[in-house]
Amino acid sequence: MDFALDTDQEAIREAIAKICARFDDDYWLTRDREGGFPLDFHAAFAKDGWLGICMPEEFGGSALGVTEAAIMMQAISESGAGQSGASAVHMNIFGLNPVVVFGTEAQKRRFLPRAANLDDWWCQGFSEPGAGSDLASLRTTARRDGDCYVVDGQKTWTTLAQYADWMFCLVRTGREAKRQQGISFLLIDMKTPGVEVQPIRMMDGRHYLNAVFFDNAKVPKRNRIGEEGRGWTYAKFLLEHERVENANLRFITQELQKLRRVASEVRSDGRRLADDPSFMADVSAVEAQFKALEIGLLRTLSDMHAGAPAGPGKSSFIKIRGTEIAQRITELLVQASGPDALRYQPGPLFGHNDDALIGPAHALGPVATYLFCRAMTIYGGSTEVQKNIMAKHALGL
Ligand SMILES: Cc1cc2nc3c(=O)[nH]c(=O)nc-3n(C[C@H](O)[C@H](O)[C@H](O)COP(=O)(O)OP(=O)(O)OC[C@H]3O[C@@H](n4cnc5c(N)ncnc54)[C@H](O)[C@@H]3O)c2cc1C
(Lines give C-alpha, C1' and ligand atoms only; values in the text may rest on other atoms or scores of the structure.)
Protein backbone atom coordinates (compact mmCIF):
# COMPACT_ATOMS: atom_id res chain seq x y z
CA MET A 1 0.00 0.00 0.00
CA ASP A 2 1.49 3.38 -0.96
CA PHE A 3 -0.82 5.32 1.32
CA ALA A 4 -0.08 5.77 5.00
CA LEU A 5 -1.54 7.95 7.70
CA ASP A 6 0.80 10.78 8.59
CA THR A 7 1.56 11.58 12.20
CA ASP A 8 -1.10 14.31 12.49
CA GLN A 9 -3.74 11.92 11.23
CA GLU A 10 -2.52 9.23 13.61
CA ALA A 11 -2.86 11.79 16.42
CA ILE A 12 -6.49 12.39 15.39
CA ARG A 13 -7.18 8.68 15.60
CA GLU A 14 -5.65 8.46 19.07
CA ALA A 15 -7.51 11.52 20.37
CA ILE A 16 -10.86 10.19 19.11
CA ALA A 17 -10.18 6.75 20.54
CA LYS A 18 -9.50 8.37 23.92
CA ILE A 19 -12.86 10.18 23.92
CA CYS A 20 -14.73 7.10 22.74
CA ALA A 21 -13.12 4.91 25.40
CA ARG A 22 -15.36 6.72 27.91
CA PHE A 23 -18.49 5.59 26.02
CA ASP A 24 -18.30 1.90 25.31
CA ASP A 25 -21.93 0.95 24.68
CA ASP A 26 -23.87 1.05 21.46
CA TYR A 27 -26.94 3.27 21.77
CA TRP A 28 -29.76 4.85 19.90
CA LEU A 29 -29.73 8.61 19.50
CA THR A 30 -32.21 10.67 21.46
CA ARG A 31 -32.39 14.29 22.40
CA ASP A 32 -35.43 13.90 24.63
CA ARG A 33 -33.76 13.30 27.93
CA GLU A 34 -31.46 15.77 29.61
CA GLY A 35 -27.86 14.64 29.84
CA GLY A 36 -27.22 10.92 29.78
CA PHE A 37 -25.00 9.02 27.42
CA PRO A 38 -25.97 10.25 23.92
CA LEU A 39 -25.80 13.94 24.81
CA ASP A 40 -22.63 13.42 26.84
CA PHE A 41 -21.11 11.65 23.83
CA HIS A 42 -21.82 14.54 21.48
CA ALA A 43 -20.87 17.13 24.07
CA ALA A 44 -17.47 15.45 24.52
CA PHE A 45 -16.78 15.83 20.78
CA ALA A 46 -18.01 19.41 20.71
CA LYS A 47 -15.99 20.34 23.79
CA ASP A 48 -12.73 19.20 22.22
CA GLY A 49 -13.51 21.02 18.96
CA TRP A 50 -14.07 17.95 16.78
CA LEU A 51 -17.44 19.01 15.36
CA GLY A 52 -15.76 22.03 13.78
CA ILE A 53 -13.04 19.92 12.22
CA CYS A 54 -13.62 21.33 8.69
CA MET A 55 -14.50 24.87 9.80
CA PRO A 56 -12.14 27.86 9.81
CA GLU A 57 -10.35 28.52 13.10
CA GLU A 58 -11.81 32.01 13.55
CA PHE A 59 -15.28 30.44 13.73
CA GLY A 60 -14.47 27.81 16.33
CA GLY A 61 -13.14 25.18 13.95
CA SER A 62 -9.88 23.34 13.41
CA ALA A 63 -9.52 24.14 9.67
CA LEU A 64 -8.65 20.56 8.77
CA GLY A 65 -9.78 18.77 5.61
CA VAL A 66 -12.28 16.08 4.66
CA THR A 67 -9.52 13.45 4.97
CA GLU A 68 -9.18 14.22 8.66
CA ALA A 69 -12.97 14.31 9.06
CA ALA A 70 -13.21 10.85 7.46
CA ILE A 71 -10.43 9.53 9.71
CA MET A 72 -12.31 10.92 12.68
CA MET A 73 -15.56 9.19 11.63
CA GLN A 74 -13.64 5.95 11.08
CA ALA A 75 -12.08 6.21 14.55
CA ILE A 76 -15.55 6.73 16.08
CA SER A 77 -16.75 3.52 14.49
CA GLU A 78 -13.72 1.49 15.50
CA SER A 79 -14.56 2.51 19.06
CA GLY A 80 -17.96 0.81 18.78
CA ALA A 81 -19.98 4.03 19.23
CA GLY A 82 -23.44 3.89 17.67
CA GLN A 83 -24.20 4.50 14.00
CA SER A 84 -27.03 6.85 14.87
CA GLY A 85 -24.87 8.90 17.19
CA ALA A 86 -22.36 9.38 14.46
CA SER A 87 -25.09 10.53 12.07
CA ALA A 88 -25.84 13.65 14.12
CA VAL A 89 -22.12 14.40 14.12
CA HIS A 90 -22.18 13.82 10.34
CA MET A 91 -24.89 16.48 9.65
CA ASN A 92 -23.08 19.18 11.59
CA ILE A 93 -19.73 18.41 9.96
CA PHE A 94 -20.59 17.69 6.33
CA GLY A 95 -23.91 19.50 5.97
CA LEU A 96 -22.46 22.89 6.78
CA ASN A 97 -19.73 22.72 4.14
CA PRO A 98 -21.67 25.07 1.78
CA VAL A 99 -21.85 27.65 4.60
CA VAL A 100 -18.08 27.31 5.11
CA VAL A 101 -17.37 27.75 1.41
CA PHE A 102 -20.17 29.96 0.06
CA GLY A 103 -21.59 31.74 3.16
CA THR A 104 -21.02 35.40 4.03
CA GLU A 105 -18.83 36.41 6.98
CA ALA A 106 -21.99 37.19 8.99
CA GLN A 107 -23.50 33.79 8.22
CA LYS A 108 -20.28 32.00 9.17
CA ARG A 109 -20.10 33.94 12.43
CA ARG A 110 -23.70 33.18 13.24
CA PHE A 111 -23.93 29.48 12.32
CA LEU A 112 -20.51 27.81 12.42
CA PRO A 113 -19.52 28.27 16.08
CA ARG A 114 -22.98 27.09 17.21
CA ALA A 115 -22.78 24.01 14.96
CA ALA A 116 -19.24 23.26 16.15
CA ASN A 117 -20.40 23.56 19.74
CA LEU A 118 -23.54 21.47 19.10
CA ASP A 119 -25.76 24.31 20.28
CA ASP A 120 -27.59 23.79 16.98
CA TRP A 121 -28.39 20.44 15.36
CA TRP A 122 -28.93 20.42 11.61
CA CYS A 123 -31.02 18.42 9.17
CA GLN A 124 -31.07 18.23 5.37
CA GLY A 125 -34.21 19.29 3.48
CA PHE A 126 -33.61 18.29 -0.14
CA SER A 127 -35.97 15.40 -1.07
CA GLU A 128 -39.68 15.85 -1.68
CA PRO A 129 -42.46 13.49 -2.73
CA GLY A 130 -41.78 13.17 -6.47
CA ALA A 131 -38.37 14.83 -6.22
CA GLY A 132 -35.79 12.35 -4.90
CA SER A 133 -33.54 11.08 -7.67
CA ASP A 134 -34.91 13.82 -9.88
CA LEU A 135 -34.17 16.49 -7.29
CA ALA A 136 -34.35 19.33 -9.82
CA SER A 137 -38.11 18.82 -10.04
CA LEU A 138 -38.58 20.00 -6.44
CA ARG A 139 -41.67 22.13 -5.88
CA THR A 140 -41.32 23.72 -2.44
CA THR A 141 -41.55 27.42 -3.30
CA ALA A 142 -39.96 30.45 -1.69
CA ARG A 143 -41.68 33.66 -2.75
CA ARG A 144 -40.06 37.02 -2.02
CA ASP A 145 -41.97 39.23 0.41
CA GLY A 146 -40.00 42.26 1.63
CA ASP A 147 -37.02 41.07 3.68
CA CYS A 148 -38.32 37.52 3.74
CA TYR A 149 -39.03 34.50 1.61
CA VAL A 150 -42.41 32.87 2.21
CA VAL A 151 -41.91 29.11 2.00
CA ASP A 152 -44.70 26.65 1.06
CA GLY A 153 -44.44 22.94 0.32
CA GLN A 154 -43.19 19.65 1.72
CA LYS A 155 -39.89 17.86 2.29
CA THR A 156 -39.70 14.16 3.02
CA TRP A 157 -37.33 11.49 4.41
CA THR A 158 -35.73 14.20 6.55
CA THR A 159 -33.32 12.39 8.87
CA LEU A 160 -33.55 13.38 12.55
CA ALA A 161 -35.68 16.48 11.80
CA GLN A 162 -37.47 15.78 15.08
CA TYR A 163 -34.33 16.88 16.97
CA ALA A 164 -33.03 19.51 14.55
CA ASP A 165 -32.89 23.24 15.31
CA TRP A 166 -32.12 24.20 11.71
CA MET A 167 -32.56 22.80 8.23
CA PHE A 168 -30.43 23.50 5.16
CA CYS A 169 -33.05 23.42 2.47
CA LEU A 170 -33.46 23.60 -1.32
CA VAL A 171 -36.39 25.74 -2.49
CA ARG A 172 -37.71 26.95 -5.83
CA THR A 173 -37.32 30.70 -6.27
CA GLY A 174 -37.60 30.88 -10.07
CA ARG A 175 -39.31 29.25 -13.04
CA GLU A 176 -36.37 29.24 -15.47
CA ALA A 177 -36.52 26.80 -18.40
CA LYS A 178 -33.49 24.97 -17.01
CA ARG A 179 -35.02 23.73 -13.72
CA GLN A 180 -31.70 23.73 -11.83
CA GLN A 181 -31.37 27.49 -12.27
CA GLY A 182 -34.51 28.32 -10.28
CA ILE A 183 -33.33 26.69 -7.04
CA SER A 184 -31.95 28.47 -3.96
CA PHE A 185 -30.30 27.27 -0.76
CA LEU A 186 -32.00 28.51 2.44
CA LEU A 187 -31.23 27.98 6.12
CA ILE A 188 -34.54 27.54 7.95
CA ASP A 189 -35.10 27.78 11.70
CA MET A 190 -37.22 24.73 12.59
CA LYS A 191 -39.11 26.82 15.18
CA THR A 192 -40.45 29.17 12.49
CA PRO A 193 -44.28 29.39 12.60
CA GLY A 194 -45.66 27.32 9.70
CA VAL A 195 -43.00 24.57 9.93
CA GLU A 196 -44.40 21.21 11.04
CA VAL A 197 -42.54 17.92 11.49
CA GLN A 198 -44.42 14.62 11.17
CA PRO A 199 -42.76 11.28 11.97
CA ILE A 200 -42.27 8.44 9.46
CA ARG A 201 -41.65 5.09 11.12
CA MET A 202 -39.23 2.79 9.30
CA MET A 203 -39.52 -0.95 8.67
CA ASP A 204 -36.78 -1.58 11.25
CA GLY A 205 -39.22 -0.21 13.84
CA ARG A 206 -37.43 3.04 14.62
CA HIS A 207 -38.22 6.67 14.09
CA TYR A 208 -35.49 8.74 12.50
CA LEU A 209 -37.22 9.89 9.30
CA ASN A 210 -39.79 12.66 8.98
CA ALA A 211 -41.98 14.63 6.62
CA VAL A 212 -41.59 18.38 7.06
CA PHE A 213 -44.39 20.72 5.96
CA PHE A 214 -44.10 24.47 5.24
CA ASP A 215 -47.20 26.62 5.32
CA ASN A 216 -46.49 30.32 4.79
CA ALA A 217 -43.23 29.98 6.74
CA LYS A 218 -41.33 33.28 6.72
CA VAL A 219 -37.55 32.92 6.30
CA PRO A 220 -35.36 36.06 6.41
CA LYS A 221 -33.51 36.71 3.15
CA ARG A 222 -30.26 36.95 5.09
CA ASN A 223 -30.57 33.16 5.61
CA ARG A 224 -30.01 32.46 1.90
CA ILE A 225 -26.60 30.97 1.11
CA GLY A 226 -24.91 32.52 -1.92
CA GLU A 227 -26.86 33.91 -4.84
CA GLU A 228 -30.54 33.39 -5.52
CA GLY A 229 -31.00 30.66 -8.14
CA ARG A 230 -27.56 29.09 -7.58
CA GLY A 231 -28.60 26.63 -4.84
CA TRP A 232 -28.09 23.68 -7.15
CA THR A 233 -24.35 24.39 -7.39
CA TYR A 234 -24.03 24.57 -3.59
CA ALA A 235 -26.07 21.38 -3.11
CA LYS A 236 -23.93 19.48 -5.63
CA PHE A 237 -20.84 20.54 -3.70
CA LEU A 238 -22.37 19.18 -0.48
CA LEU A 239 -23.54 15.90 -2.06
CA GLU A 240 -20.14 15.12 -3.60
CA HIS A 241 -18.55 15.35 -0.17
CA GLU A 242 -21.41 13.46 1.46
CA ARG A 243 -21.18 10.58 -1.05
CA VAL A 244 -17.56 10.01 -0.16
CA GLU A 245 -18.60 9.80 3.50
CA ASN A 246 -21.42 7.47 2.44
CA ALA A 247 -18.76 4.84 1.73
CA ASN A 248 -19.83 3.72 5.21
CA LEU A 249 -16.34 2.84 6.40
CA ARG A 250 -17.32 3.40 9.98
CA PHE A 251 -20.42 1.25 9.74
CA ILE A 252 -18.66 -1.57 7.86
CA THR A 253 -15.82 -1.67 10.38
CA GLN A 254 -18.30 -2.07 13.24
CA GLU A 255 -20.38 -4.72 11.53
CA LEU A 256 -17.29 -6.73 10.51
CA GLN A 257 -16.15 -6.77 14.13
CA LYS A 258 -19.61 -7.94 15.16
CA LEU A 259 -19.64 -10.61 12.43
CA ARG A 260 -16.32 -12.06 13.54
CA ARG A 261 -17.50 -12.09 17.16
CA VAL A 262 -20.80 -13.82 16.38
CA ALA A 263 -19.06 -16.37 14.12
CA SER A 264 -16.63 -17.28 16.89
CA GLU A 265 -19.37 -17.99 19.44
CA VAL A 266 -20.30 -21.61 20.09
CA ARG A 267 -23.85 -22.36 18.88
CA SER A 268 -26.43 -24.65 20.48
CA ASP A 269 -25.19 -27.56 18.32
CA GLY A 270 -21.73 -27.14 19.90
CA ARG A 271 -20.10 -25.87 16.68
CA ARG A 272 -18.70 -22.50 15.64
CA LEU A 273 -19.25 -20.83 12.27
CA ALA A 274 -15.65 -19.63 12.43
CA ASP A 275 -14.67 -23.26 11.79
CA ASP A 276 -16.84 -23.52 8.67
CA PRO A 277 -14.52 -22.92 5.66
CA SER A 278 -17.35 -22.03 3.30
CA PHE A 279 -18.81 -19.34 5.60
CA MET A 280 -15.37 -17.94 6.40
CA ALA A 281 -14.54 -17.78 2.67
CA ASP A 282 -17.56 -15.46 2.29
CA VAL A 283 -16.36 -13.34 5.22
CA SER A 284 -12.82 -13.13 3.79
CA ALA A 285 -14.13 -12.16 0.35
CA VAL A 286 -16.11 -9.24 1.73
CA GLU A 287 -13.19 -8.21 3.96
CA ALA A 288 -10.89 -8.09 0.93
CA GLN A 289 -13.41 -5.93 -0.95
CA PHE A 290 -13.60 -3.64 2.07
CA LYS A 291 -9.82 -3.24 2.27
CA ALA A 292 -9.70 -2.34 -1.44
CA LEU A 293 -12.46 0.24 -0.89
CA GLU A 294 -10.69 1.69 2.15
CA ILE A 295 -7.43 2.20 0.22
CA GLY A 296 -9.29 3.70 -2.77
CA LEU A 297 -11.21 6.05 -0.51
CA LEU A 298 -8.14 7.22 1.38
CA ARG A 299 -6.43 7.93 -1.96
CA THR A 300 -9.43 9.97 -3.11
CA LEU A 301 -9.51 11.89 0.17
CA SER A 302 -5.82 12.51 -0.06
CA ASP A 303 -6.30 13.92 -3.61
CA MET A 304 -9.16 16.09 -2.33
CA HIS A 305 -6.93 17.34 0.46
CA ALA A 306 -4.36 18.33 -2.17
CA GLY A 307 -7.06 20.35 -4.00
CA ALA A 308 -8.22 17.83 -6.64
CA PRO A 309 -12.00 17.37 -6.30
CA ALA A 310 -13.34 13.80 -5.99
CA GLY A 311 -15.42 14.41 -9.10
CA PRO A 312 -18.83 12.87 -9.68
CA GLY A 313 -17.55 9.57 -11.12
CA LYS A 314 -15.27 8.66 -8.21
CA SER A 315 -17.59 9.65 -5.39
CA SER A 316 -20.46 7.72 -7.04
CA PHE A 317 -18.27 4.62 -7.37
CA ILE A 318 -17.22 4.83 -3.71
CA LYS A 319 -20.83 5.24 -2.60
CA ILE A 320 -22.02 2.21 -4.59
CA ARG A 321 -19.18 -0.04 -3.44
CA GLY A 322 -19.46 0.99 0.23
CA THR A 323 -23.18 0.44 0.42
CA GLU A 324 -23.08 -2.92 -1.38
CA ILE A 325 -20.36 -4.21 0.96
CA ALA A 326 -22.33 -2.99 4.00
CA GLN A 327 -25.43 -4.83 2.80
CA ARG A 328 -23.48 -8.04 2.16
CA ILE A 329 -22.01 -7.97 5.68
CA THR A 330 -25.42 -7.55 7.30
CA GLU A 331 -26.71 -10.51 5.25
CA LEU A 332 -23.85 -12.63 6.62
CA LEU A 333 -24.59 -11.37 10.12
CA VAL A 334 -28.23 -12.44 9.90
CA GLN A 335 -27.05 -15.84 8.60
CA ALA A 336 -24.53 -16.16 11.43
CA SER A 337 -27.01 -15.20 14.15
CA GLY A 338 -29.66 -17.75 13.13
CA PRO A 339 -32.83 -17.46 15.24
CA ASP A 340 -31.09 -14.91 17.49
CA ALA A 341 -31.13 -12.41 14.61
CA LEU A 342 -34.70 -11.41 15.37
CA ARG A 343 -35.05 -9.53 18.61
CA TYR A 344 -38.30 -8.94 20.41
CA GLN A 345 -39.59 -5.36 20.36
CA PRO A 346 -42.17 -4.88 23.11
CA GLY A 347 -42.85 -1.20 22.30
CA PRO A 348 -44.92 -1.52 19.11
CA LEU A 349 -46.73 -4.61 20.47
CA PHE A 350 -47.97 -2.89 23.63
CA GLY A 351 -48.74 0.38 21.90
CA HIS A 352 -46.10 2.55 23.51
CA ASN A 353 -43.18 4.17 21.82
CA ASP A 354 -40.50 2.24 23.65
CA ASP A 355 -37.45 1.34 21.58
CA ALA A 356 -36.14 -1.14 24.16
CA LEU A 357 -35.32 -4.53 22.70
CA ILE A 358 -35.40 -7.81 24.57
CA GLY A 359 -33.30 -10.72 23.37
CA PRO A 360 -29.74 -11.89 22.82
CA ALA A 361 -27.05 -9.32 23.25
CA HIS A 362 -25.92 -8.74 19.65
CA ALA A 363 -26.30 -4.97 19.97
CA LEU A 364 -29.37 -3.68 18.08
CA GLY A 365 -30.33 -6.99 16.53
CA PRO A 366 -29.02 -8.12 13.15
CA VAL A 367 -32.43 -8.11 11.45
CA ALA A 368 -33.07 -4.46 12.42
CA THR A 369 -29.62 -3.56 11.08
CA TYR A 370 -30.19 -5.64 7.95
CA LEU A 371 -33.50 -3.84 7.32
CA PHE A 372 -31.91 -0.42 7.92
CA CYS A 373 -29.19 -1.25 5.39
CA ARG A 374 -31.74 -1.71 2.60
CA ALA A 375 -31.96 2.11 2.68
CA MET A 376 -28.23 2.59 2.06
CA THR A 377 -28.47 2.02 -1.67
CA ILE A 378 -31.29 4.60 -1.80
CA TYR A 379 -30.27 7.56 0.36
CA GLY A 380 -27.59 9.99 -0.78
CA GLY A 381 -28.62 9.09 -4.36
CA SER A 382 -29.73 5.57 -5.36
CA THR A 383 -27.35 3.03 -6.91
CA GLU A 384 -29.08 3.23 -10.31
CA VAL A 385 -28.72 6.99 -10.38
CA GLN A 386 -25.04 6.76 -9.33
CA LYS A 387 -24.48 4.35 -12.23
CA ASN A 388 -26.02 6.89 -14.61
CA ILE A 389 -23.65 9.56 -13.23
CA MET A 390 -20.63 7.26 -13.70
CA ALA A 391 -21.70 6.33 -17.24
CA LYS A 392 -22.12 9.99 -18.21
CA HIS A 393 -18.74 10.80 -16.73
CA ALA A 394 -16.97 7.87 -18.41
CA LEU A 395 -18.57 8.57 -21.79
CA GLY A 396 -17.92 12.29 -21.50
CA LEU A 397 -21.60 13.14 -22.03
C1 LIG B 1 -32.92 6.31 5.36
C2 LIG B 1 -33.05 7.49 4.45
C3 LIG B 1 -32.63 8.74 4.90
C4 LIG B 1 -32.80 9.86 4.09
N5 LIG B 1 -32.44 11.09 4.59
C6 LIG B 1 -32.66 12.19 3.84
C7 LIG B 1 -32.42 13.49 4.39
O8 LIG B 1 -31.99 13.65 5.54
N9 LIG B 1 -32.69 14.56 3.61
C10 LIG B 1 -33.16 14.44 2.32
O11 LIG B 1 -33.35 15.46 1.67
N12 LIG B 1 -33.42 13.22 1.79
C13 LIG B 1 -33.19 12.10 2.51
N14 LIG B 1 -33.47 10.86 1.98
C15 LIG B 1 -34.07 10.77 0.64
C16 LIG B 1 -33.17 10.17 -0.43
O17 LIG B 1 -32.20 11.10 -0.84
C18 LIG B 1 -34.09 9.70 -1.59
O19 LIG B 1 -34.85 8.62 -1.09
C20 LIG B 1 -33.30 9.28 -2.80
O21 LIG B 1 -32.72 10.38 -3.43
C22 LIG B 1 -34.22 8.54 -3.84
O23 LIG B 1 -35.35 9.30 -4.14
P24 LIG B 1 -36.82 8.67 -4.01
O25 LIG B 1 -36.96 8.01 -2.68
O26 LIG B 1 -37.79 9.76 -4.35
O27 LIG B 1 -36.91 7.52 -5.11
P28 LIG B 1 -37.17 7.73 -6.66
O29 LIG B 1 -36.32 8.83 -7.17
O30 LIG B 1 -38.63 7.80 -6.90
O31 LIG B 1 -36.61 6.36 -7.26
C32 LIG B 1 -37.36 5.14 -7.23
C33 LIG B 1 -36.58 4.06 -7.97
O34 LIG B 1 -36.36 4.43 -9.33
C35 LIG B 1 -34.97 4.42 -9.67
N36 LIG B 1 -34.67 5.54 -10.56
C37 LIG B 1 -35.08 6.83 -10.42
N38 LIG B 1 -34.60 7.59 -11.44
C39 LIG B 1 -33.88 6.76 -12.23
C40 LIG B 1 -33.14 6.95 -13.44
N41 LIG B 1 -33.05 8.14 -14.01
N42 LIG B 1 -32.50 5.88 -13.96
C43 LIG B 1 -32.57 4.65 -13.38
N44 LIG B 1 -33.28 4.41 -12.25
C45 LIG B 1 -33.92 5.45 -11.67
C46 LIG B 1 -34.25 4.60 -8.34
O47 LIG B 1 -32.96 4.04 -8.38
C48 LIG B 1 -35.16 3.84 -7.38
O49 LIG B 1 -34.87 2.46 -7.42
C50 LIG B 1 -33.33 9.72 2.78
C51 LIG B 1 -33.74 8.46 2.31
C52 LIG B 1 -33.61 7.36 3.14
C53 LIG B 1 -34.09 6.02 2.62
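The shell around the ligand splits into seven nonpolar residues, nine polar ones and one charged. Here Ala, Val, Leu, Ile, Met, Phe, Trp, Tyr, Cys and Pro count as nonpolar, Asp, Glu, Lys and Arg as charged, and the others, Gly among them, as polar. Keep in mind that this is a predicted model, where local features need pLDDT of at least 70, side-chain atom pairs count only at pLDDT 80 or more, and totals for chains, interfaces and linings use all residues. Residues are numbered from 1 along each chain as its sequence is written, and side-chain values use heavy atoms, with hydrogens and water left out.

**Who surrounds the ligand**
- The ligand has 17 residues around it, and the closest are Ser133, Trp157, Thr159, Ser382 and Glu384 (a residue is near if one of its heavy atoms lies within 4 Å).
- Helix H13 (residues 383-395) gives the largest share of this shell, three residues; helices are DSSP runs of H or I with at least four residues, numbered from the N terminus.

**Polar contacts** (pairs of N or O atoms within 3.5 Å)
- In the side chain of Glu384, an N or O atom sits 2.6 Å from an oxygen atom of the ligand.
- Ser127 has a polar backbone atom 2.7 Å from a ligand oxygen atom.
- For Trp157, a backbone N or O atom is 2.8 Å from a nitrogen atom of the ligand.
- On its own the ligand has 980 Å² of accessible area, and the protein covers 65% of that (Shrake-Rupley method, 1.4 Å probe).

**Cys20**
- You'll find Cys20 in helix H1 (residues 7-20).
- Cys20 counts as buried because its relative accessibility is 2% (buried means under 20%).
- Cys20 and Phe41 are 21 residues apart along the chain, with 7.9 Å between their C-alpha atoms.

Notes
A polar contact is a pair of N or O atoms within 3.5 Å; within protein, one must be able to donate a hydrogen and the other to accept it, and residues adjacent in sequence count only if both atoms are side-chain atoms. Helices (H or I, at least four residues) and strands (E, at least two) are DSSP runs, numbered from the N terminus. Buried means under 20% relative accessible area, exposed over 50%, partly exposed in between (1.4 Å probe, protein chains only).
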